[in-house]
Amino acid sequence: MYGKFLTHMFACPFCSLHCDDLEISLEEQNLTSLFPICPKGINGFSNALSSLASNKKDKSSENWKEDWTRTIQLIKTAHHPLVIIGGGISYTAQRLAAALARQINAWADSPASLGGCALPWTAVEVGLTTCTLGELRANAEILILLDIHLEEDYPRFTNRIWRPGTQQPELLEINSHELFQITDQDPNEPLIKTLVHLRLCFSNFFTEPVIELCHTIGKMLDVSRGAIVFSSRLVSGGRMLTIELFGLLHKISVAHRCNWQALYLPGGSNWPGASQALSAESGYPCAVHFSPRQVKFSPIMYSATNLIEQNAPDLVIGVGDIGWLSTKALNRLRETPTIVINSVPLMENVGIWLPIALPGVDDKGIFLRADNVPVHLSPLIASQNPSAEYILQNIMEEFK
Ligand code: SF4
């Protein structure tokens with residue numbers, strides 16, 4: 001039901017910050033004002049509403065019944081299914097998707113494996129857990145923002161984390177491309193020293209005496225607790241860079257006996273919830289194999305992108321948004337049996353699309369923010385689309 005109304009304190013489902021104080025005005029299906037919201041949020045709402053307006057699929061239609069029958073058949077006959085848990089669905093649905101993967105002995109992955117999974121892999125290897133925004137607020141004395149542009153990417157990041165009156169850690173914003181261009185700045189300026197040494201670490205990680213460099217960085221920063229915050233922009237910019245980054249964190253922690261943490265700030269919807277859901281079901285943050293008797297974890301071998309690129313799964317079930325797969329993997333899906341359970345189709349002529357409602361637009365649901373705070377989303381408008389929970393519960397019923 002579209003209508004003209006103004007509503008306050010709406011939560012946004014389009015990035016992991018989930019700003020929950022939006023004022024939204026709708027006239028028919030068009031947004032006429034959104035305040036305060038960033039361009040990403042405006043695009044998200046506009047696209048969701050126009051997609052909803054053009055969505056002809058209805059759960060009672062013949063089309064839908066055919067697709068449902070094919071979905072169940074495909075899952076029943078698959079030998080090596082892969083379930084990918086994305087954002088754009090509630091945390092409850094993410095938990096159900098993880099449970100479905102376990103039930104049908106599938107591989108499962110979440111966006112935490114993005115970029116070659118250096119984050120969980122290195123974190124597990126060195127015993128360094130990733131931190132939440134809350135932990136970061138409580139612990140970090142210094143924060144290095146790596147390839148994160150607060151104004152563009154997270155316009156209300158600072159307000160969200162550091163409310164007036166709370167102590168704010170020192171912030172260093174670093175652009176990884178610029179790291180390689182700094183040569184003649186004042187060497188006494190701490191930030192420049194940091195950048196120069198970070199550049200050395202990144203560019204000579206395997207040849208320089210890294211421990212020495214990290215000692216230097218640790219002393220120079222003169223803090224015992226810090227965090228590096230990064231987003232998928234860095235990861236997609238270079239797998240090796242990410243691996244080196246975590247190697248650097250490890251070396252700093254060990255050599256300097258200080259506590260550095262890493263925080264991945266995903267840009268896409270409620271990705272943190274997807275990783276938490278998979279972790280709750282398997283004990284691991286991403287990329288697991290439920291087929292063996294004991295759950296196997298290997299973000300390198302089992303990541304959705306790698307598996308699809310290698311043609312390993314004979315069925316891919318994407319729950320929520322899976323558009324973050326590599327281009328090669330997405331193209332492979334044109335030849336791989338695929339079921340997409342999402343509010344928008346993945347690509348034209350790819351698999352079966354079971355449309356669902358999107359929490360915050362035409363459904364309610366709880367999203368987990370990056371700092372694990374649950375955010376309750378309310379529907380902006382009503383639609384005929386079923387929830388992801390409804391679809392997943394019905395699929396699971398078929399396999400009891
Ligand atoms: S910062 Fe994120 S949650 Fe906030 S309005 Fe923009 S897209 Fe939405």
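This section describes the fold, the sheet, the cores and selected residues of a predicted model.

The protein contains 16 helices and 16 strands. Of its 400 residues, 45% are buried.

Seven strands form an open sheet with mixed pairing, in the order β11-β10-β5-β4-β12-β13-β14. Its edge strands are β11 (296-297) and β14 (352-355), each of which pairs on one side only. Strand β13 (residues 338-342) runs parallel to β14 and is joined to β14 by four bridges. Within this pair, I341 stands opposite L354 of β14. Two helices are described here as packing on the sheet. Helix α3 (residues 91-103) touches β4 (81-85), β5 (107-109) and β12 (315-319), and the direction of α3 makes about 165° with that of β4. Helix α13 (residues 271-282) touches β4, β5 and β10 (288-289), and its direction makes about 130° with that of β4.

Strand β12 is paired with β4 in the parallel sense, through five bridges. The β12 residue that is the bridge partner of V83 is I317. Pairing between β12 and β13 is also in the parallel sense and extends over four bridges. There, I317 has I339 of β13 as its bridge partner. Five of the five residues of β12 are buried. In a regular strand, side chains alternate between the two faces of the sheet. Both faces of β12 are covered, with L315, I317 and V319 buried on one side and V316 and G318 buried on the other.

The largest nonpolar core comprises 64 residues. Those with the most contacts inside this core are V83, I85, A97, A101, A108, V319 and L392. Helix α3 supplies the largest share of the core, seven residues. Beyond its neighbours within four places in sequence, A97 is in contact with V83, I85, A277, V319 and L392. Another core, of eight residues, lies apart from the largest one and includes A140, L143, V229 and W260.

Helix α1 (residues 39-54) has 16 residues. From first C-alpha to last, α1 reaches 22 Å, close to the 22 Å expected at 1.5 Å a residue. Residues G41, G44, F45, A48, L49 and L52 of α1 are buried. These residues lie on the same side of α1 because they cover an arc of only 115° around the axis. On the other side of the helix, P39, N43, S50 and S54 are exposed.

A further pair of strands is formed by β15 (residues 365-368) and β16, which run antiparallel and are joined by four bridges. In this pair, F367 stands opposite V375 of β16. Strand β16 (residues 374-377) has a covered face, consisting of V375 and L377, and an uncovered face, consisting of P374 and H376.

Residue P13 lies in the loop between β1 (5-10) and β2 (22-27). P13 counts as buried because 27 other C-beta atoms lie within 10 Å, where 20 or more are required. Its contacts, leaving aside neighbours within four places in sequence, are H18, G88, S269, L358, P359, G360, V361, F367 and L377. P13 and F367 are 354 residues apart in sequence, yet their C-alpha atoms are 7.8 Å apart in space.

Most residues other than glycine have a negative phi. N105, although not a glycine, has a positive phi of about 55°. This residue, N105, is found in the loop between α3 and β5. N105 is partly exposed, since 14 other C-beta atoms lie within 10 Å, a count between the limits of 12 or fewer for exposed and 20 or more for buried. N311 likewise is not a glycine and has a positive phi, of about 60°. The position of N311 is in the loop between α14 (304-309) and β12. N311 counts as exposed because it has 10 C-beta neighbours inside 10 Å, and the limit for an exposed residue is 12 or fewer.

How values were computed
Residues numbered from 1 in each chain as written. Predicted model: local features only at pLDDT ≥ 70, side-chain atom pairs only at ≥ 80, totals over all residues. Pairing = 2+ DSSP bridges. Contact = placed C-beta atoms within 7 Å. Axes fitted to C-alpha atoms, helices over the stretch in contact; angles between N-to-C directions. Expected span 1.5 Å × (residues − 1). Arc of directions from axis to C-beta. Core = buried A, V, L, I, M, F, W, Y, C linked by C-beta atoms within 7 Å.
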